[in-house]
Every structure is written in structure tokens, then in C-alpha cells.
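Trainee: Before we go into detail, please take me through how to read the features of this model.

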Amino acid sequence: MHQERPQLLGRAAELAELDGLLRELREGRSRVLVLRGEAGVGKSVLLDLLAERAAPWQTVRAAGVEDEAEFAYAALQRLCAPLLPGLDRLPPVQQEALRVAFGLSAGPPPEMLLVGLAVLGLFAEAAAEAPLLCLVDDAQWLDLMSERILAFVGRRLDAEAVGLVFAERTTGVEGSFGGLPELVLRGLPDAEARALLDRVLPGPVDDRVRDRIVAETGGNPLALLELPRGLAPAELAFGFGGPGAGPLATRVEDGFRRRVEALPADTRALLLLAALEPVGDGPLLWQALRLLGIGPEAAAPAEAAGLITLGASVRFRHPLVRSAAWRGAAAAELRSAHRALAEATDAGRDPDRHAWHRAHAAAGPEEEAAAALERSADRALARGGRAAAAAFLERAAALSPDPKALARRALAAATAQLAAGLPARVPDLLAAAELGSLDPWQQADAARLRARALASADPGAAAVGPLLEAAARFADLDPVAARGTCLAAFAAALWAGRAEPGAVRRVAVAAAALPTGEGPAGEESAREEPVGEEPVGVLLRALEGWARAGEAERREAWSGFAEVGRAVETSEGAGLAGRLTAVEADPLLRWLVAQGAAELGDLRGWLAVTERAVRVARESGAFSVLSTAAPEWAAALLFAGRFVEAGELLARAAPVEEVAGAAARSGVAALLGAYRGQERAALELIEAAEREGARRGLGRLTGLAAGARALLHNGLGNYPAALAAARRGVEYRDFGLQPWLLGELVEAAVRAGEPEAAAQARGLLADRAGAGTPWALGSYALARALTGESGGVEEQYREAVARFAEGGLAPAEARARLLYGEWLRRQNRRGQAREELRAAHEAVTVMGLEAFAERARRELLATGETVRKRVVGAPVLTPQEAQIARLAAGGHPNAEIGAQLFLSPRTVEWHLRKVFTKLGITSRREIEGALAGA
């Protein structure tokens, strides 16, 4: 039944926006919109109207419920339920992820972003025939998994004819939907607000009082409709209570609470049951009422008051009615209502809600209720709902009569919160666990969790001490856990870098004192440390040697890094190679292995471990791994000269980082900008990395930014600036950064006329040449050539070019040719100089290194060469179109391209049509040639 909507007074602009959304859907485009505003401003009414205007399209709806926020995927499952018949049209891995997430089948916990990709595909399939409208009300109360996944989907919708509209109460805190297109709803204009108020006033009111009421409510439609109810004209004489009456939403809720309190006792009990039953299950509500001895006649007063609509589903007039119904209830009434709902809920069909209601019905500690919640936590973890598991476990701990069980459950809750990326609750949960009875291993684990929670927010120096303390606690209990925790301390110290110069040495000393062997690792240790001893032990020994920096230790370090690198490349056999999957899946180990390869000067090893991690993440759906592995691979690609791939990889990882909460290392972007050589854009990226390093105390990021600045200025020929930056870069020995930082310093110092600085850097490169890698040997040969050490300059240039080519270091090879060509020209050997400079110019131009290309062009002109400019005006593809075109040219089908780029296949097809038009082609077979021609 369509009812009059007086609240729509003064909403012409908002209605026009919604009509525009529907128009875009008819044209085949997707639209996302967040309706934001305070409670009662009319968001739900606009959603209802949007659903009416979208008929006969398919519309699916869900709403967040405050009391249901602990149930993983609860709102998402309700939204997707009508679309599940199309599930079998998705790729098998996505089907399985969604089935496990929704509890429809058993399997490994799905990665959150694989579920997001499946939801994106489900929406696109549902919209294949006609537009789909998805409406989500009260988004501020969505469970965490639903919120993050829907935010991810909202950022990836494009050409599917899907409308996704959220209604979210303004809270002052930007959540997952921040940055999405929004429509802010404010109060009605004064004239419309007065007109609406006149409809509900009980009698004539002075104009000044009317104006005051409109001003007090801010034109909020619900407040204007609800606050005057039950008030006599005399009570309205001074507005709604005058100044200091409290926030508007609270006052409206208080008004609803007064109306609830005026109802008969059985009707109040009905409203309380309905408020505590989040799904709106009508039959379940009636069953619970029967258990309380309440008949259906109790519903009439609530319906007559316009507070609730009852039927197969239950719907409150407004969420504030629900809040008023349960916030105004006494503790005994709440327990009684939860007990009735627990009894009415089928424990076999819906064990989690049964356990939740039973737990809230308990007046004190109750082991059976706690155990049931613990089983619910296990089911939540099996579906990937770590935050939900933490909520169940936290409540289970509070209900545990046994101190040991309390401690174990609180410790498990802290672990789940940390795994969910929510470290803020960890300290309180650990404090609760320590009130129980922790054995020594659990005490050490609590210390480790507290340190890891600190490290997640502050990965630098502040985390080193707590991690070392936790490692020391484990030393006599579990050597494997001790070494793993010490390795985490090493990572924190390496990121702290120059911000805490003594941290690395402290960790090295602590690592040397740890016992060897497996030790008494128990069940918890095996579960918490699945990586095993070998990679941890090898890396710890290597990092100890690197930190001590004596010649014997340095060679031991190189040997250790190379051992892990060989295992990654072969991935066959036992030992380290047998542990390879664990190394790939553990972000900490993978980062240390990759940086160990960079420290060794082993670009191929660096590429191998990071590329494999990204590939495994994509194939397995482990997209949380991708959020950290993608920037690491991009950094290695830069030194291989694969700049387009590196940029595209960072762009592909962006949506993962948005959902996972892990930003791409700003240093990688700064380094890419420096190589590109566009001075203004590069400096903006470098300065952003410097600010980030200073803000978070990440000295390593500061060193990386300094190196990027030196690289940029060497390309631009501003050698004094390059030298100053390179000196800042090498004043602290950052792990994995020295091989290229020292090279930048030698070139800048020679060209800036400071031979002593160049010779000192050359000496350090001589030490590093002992690693025996092409990168290390090539850097030393180039330094000798630039400084003119002991004659043989030409042979040294040639050796540098050959070594860099052997190691796959295309930018370094091209720069060595450029330097060699510059030297030849200064020797008045113009013919030979032109040969080297042509090769350098061609290479850096193809790679897109604009500053070095200009430098090579000027040198060529000085030899008398005519340098033709490249043809400008080729069709310009957007970055996303370029990514799709390259993948399509490589033979990847639309579904696979969509999975890699987090797009629906329909959006991929839409972009491909645009690519065909821009390139003037008609088939995928022509893409590669067209791209080469462009």
C-alpha cells in the first residue's frame, strides 16, 4: 500500500539525484551512492521511494542491525540471498568462497576479497538481463565483513547496470564507505519544515514558538513529526524543552521510549523481543511470545501507535524505535527476552544466534553458554569472520567460570582481533586474559600479541622492545616461537632504520642469545608458528651476520640470503624448498627474503620470491597476501626496467589495499616517479614518502626517499643536489638499499667534483663485490670506471654494461652505456660514442625514463647526431584500458582479466570495446600489434 510521504517536502534536489541514478542504470552503467545524514532526516524514506521507482527491476535490500554487528556476513547474506540462483555462473573458486562465507558448505576460510570478487560477479550476473538495484539501510551498523566487502564492490562497479545505494547515519567518523559518491541529507528548508510541523501540532502555536521548534530540530522531518506527539499546547509554549535538552536523535528516541512505556506490559514485551531479534523473523517472534505466555492481541496497540509492522517479517517504523524498545528495558527483562528467543531459535539450523541469545540470557558465569559461543567462534573463523569470532570469544570469556578457560578464550579473542586487523581491542582482551590463569607459554603469547598489536599501528622502533621481550619469554619454552618473534623484531628494527640507529644491533645481540633446536613446542606453538624452523633460523643467522658487518659475518649473511633465494627459485625437494609455501604466505618472511636478495644484489631472486607470492595469491584467492606482495614485486620490477608493469601492479593492488587497510609502500611510488624523471610529479611523490617516514618514525622510508631524490637529480643532471641526497641516503646502512644508493653516490660525486666522496663509496662497493652477483660486480666496475681507478677505464665500462645485462638490470645497463658514451665523447671518439649513446637513448626512451632520455639526447646532439623525436598523437588509453589491453593480448579471457583487476567480466568487455575503438581494431588478435605501433 502506497502511503503519503509528507517527509518528502523540500526534497526536489535529492529526488532529481535519484532519478539520475536510475537513468544511468537504464543506460547500462553502474552507480554507487551513499545517503548520509542524521537519524530521522529521511534516508530510509528515499530508499523506499527509489525501490518504488525502480520497478519492475529486481531490487534487493538489507539493513544493518546494531545487535547483529558481531555476525560475520549477516547483512551481505541477506542482500545476496535472492541472487544465489545465479551462483553457478561464477568461476568455481568464487562459488566456493561465497558458499563457505554464507555457511552453505564447508571449506577453508575464504579470503575477504575473494568473497568480494564473487559478490561483484553475482551482482553483474543478476543485472545481465535488466538493471539490479541493491539498497542497504543503516549501513553504520553493518557487520565488519559485510561493510568491507560492499565497500570493495562499490569501488569496482562500472558497466554492469548495478545500482548500490547505502543509507548511513552521520557519525563523524569516516568508515569503509568514505570516498564513495555521497548525497548529504540535511534538514528541510524553513518553509517546508513549518508546513510539516503544522500537520502534527495539536493546536495553534505562536509563530515565534513555531520558528523556535523548527530551529531546534534543524528541519529534521522525523523530529518534526514525532516530538510534538502527546504534548499539549501549553507544553509547546517554550519549544521542545529549551537549551541543553540533549542531542536531537536522543530526544527523538526518548519520545519513542515514552510512547513505548505508555503501552500495555505485554505489548512492551513484544517490542522488546522484536528489537532483540535482528532478522525480523515473524514466525520466530510469535514462537518466543508463546513461550512467554503472550498472545497475538499484544501486537494491536504497537501497530495502532505506528511503531511496528508485523507479518511474515517484522519492521520497525524507524531504528530509533528499536533502540527505544531495548534500551529502556530492565536487565531482568532483557535476560527473559533473550531466553525466550534462545528457546525459540532452532539450535541445529541457527546455532550461532541460539548461542548468542543464550549467552545474553545468562545472569552470571555459565560454562555451557560459553562453550556454545566458542563453537560459534570456530564456525565464524571457518567462514573467514575473524572479527565475529573475536566477539563470540570475548563474550565466552566473560561467561567462563573457570579462570583457565577465561584466560584461554580471552587470549583467543585477542588473536582473532589482531588477525581481523583490529588491534585496538587487543590490550583490553589481554588484560582480561591476565585476570584469569595463564600458564608460562600463554603469558609469553600474551606478550607477543601485545607487541604485535603495537607493531601493526607502529611498525618501527616502538615495537622492537616489546617484541624482544616476548621473544625472551619464549626462549626456554618454545625456541621456534622465540626465533619467529625475534625475526619480527628484526623487521621492526629495519623499518625504524635511522630513526632508531641502535635497534638493529640490539636485535642481533638478542638473536645470538636464543637457543637452537625445536624445544618443547606444544599444540599452540604449532598452530601459531606454521612456518617451521628452517627459514626462520637461516634468516636470523643471515641477519645477525649482516648486522655485525665483519667480513666473515657478511659472507655468512650473503650465504644465508642466497640459500633461501635458491629454495624460492627451485621450489623442489626438502628443507627450505619444502617450506616454500609458508614463506610465500607469511608477509614478514617474504619481505625479509626479498630484501635479503636485494642486499645480496640478486635481482632475479628478488623478482622470483615476489612474483611467486603475487601469483600464488591470485591463484589461491589469498588477496590479503597480495596487498603486501604487490608493492614488493613492483619495487623489483623497477630495477628490471619493467616500469609499465610496476605501475600497473600498484594500480591493480589499490582496491586490495583499500579493503585490507594496507597502503602500498609510498617509497615504491617515489622511486617510480624518480625513474620517470618528471621533476615536479616525482618530487611530490618523494616528499610524500619523506613525510610518511617522519610521521611514523620509519627511517627506512626516509632513506628510500633520499635515494629516489638522488636518482631523480642524477637523471636531470643536477649533481650537487643528487650528491646531497645520496649522502643522506647512505649515512645509515638500510637493509637492501645500499647496492643502488652507493652507485647513485659515486656518479653524483664524480660529476659534482668531489672525488674523495666518490672514492669512499667505491671502497664500500668493492666490499660488496664479494657477494659475486652481477649487480654487485657491475656496480663496482662502474664505480672504478667513473673514478678512473688504476687505468683500464674502457674495460671497466664494458664490464659494467655486461654485468648489468647478465643480471637483468636494464635501467642500470642503459645508464652504464650512457656514462660510457659520455666518456667516449669526452675522449673525442665521437663515432664510438654515438653507438653507445644511441643504444642508451633507445633503451631509456622505450622504458619511459624521460630525464635520462633527455640527457642522452643532448649528448647525441653534441656528437653531431640528428635525433628524431618520437611521433606524438597515438591513441591514448587510460591506465585501466592499458592493463586490460595487455592482458587480453596475452590471451587471458574476460573472467580471468576481471579476477586480476577486480572487475566484473561485463566491465572488462565494456573497456575492451573502448580499446578497440581507440586503436581502430576489431579483434583481440590485433591488440598486440596496435599497442606496438602506438
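Mentor: Start with contact, which means heavy atoms within 4.5 Å. Here, 70% of the contacts in the protein with a separation of 6 or more are between residues 24 or more positions apart. The model is predicted: local features need pLDDT of at least 70, side-chain atom pairs count only at pLDDT 80 or more, and totals for chains, interfaces and linings use all residues. Residues are numbered from 1 along each chain as its sequence is written, and side-chain values use heavy atoms, with hydrogens and water left out.

Trainee: How many helices and strands are there in the protein?

Mentor: Helices (H or I, at least four residues) and strands (E, at least two) are DSSP runs, numbered from the N terminus. The protein has 47 helices and 7 strands.

Trainee: What order do the strands of the open sheet have?

Mentor: Two strands pair if DSSP finds at least two bridges between them. The open sheet has 5 strands with parallel pairing, in the order S2-S3-S4-S1-S5. Strands S2 (58–63) and S5 (182–184) stand at the edges with a single partner strand each, so one side of each lacks a neighbour in the sheet. From one strand to the next, the twist averages 15°; axes are lines fitted to C-alpha atoms, for helices over the stretch in contact, and angles run from 0 to 180 degrees between N-to-C directions.

Trainee: Which residue in S3 is the bridge partner of Ala62?

Mentor: Val136. S2 and S3 (residues 132–137) run parallel and are joined by 6 bridges.

Trainee: Which strands does helix H2 touch?

Mentor: Helix H2 (residues 43–54) packs on the sheet and touches S1 (31–37), S2, S3 and S4 (162–169). The direction of H2 makes about 165° with that of S3.
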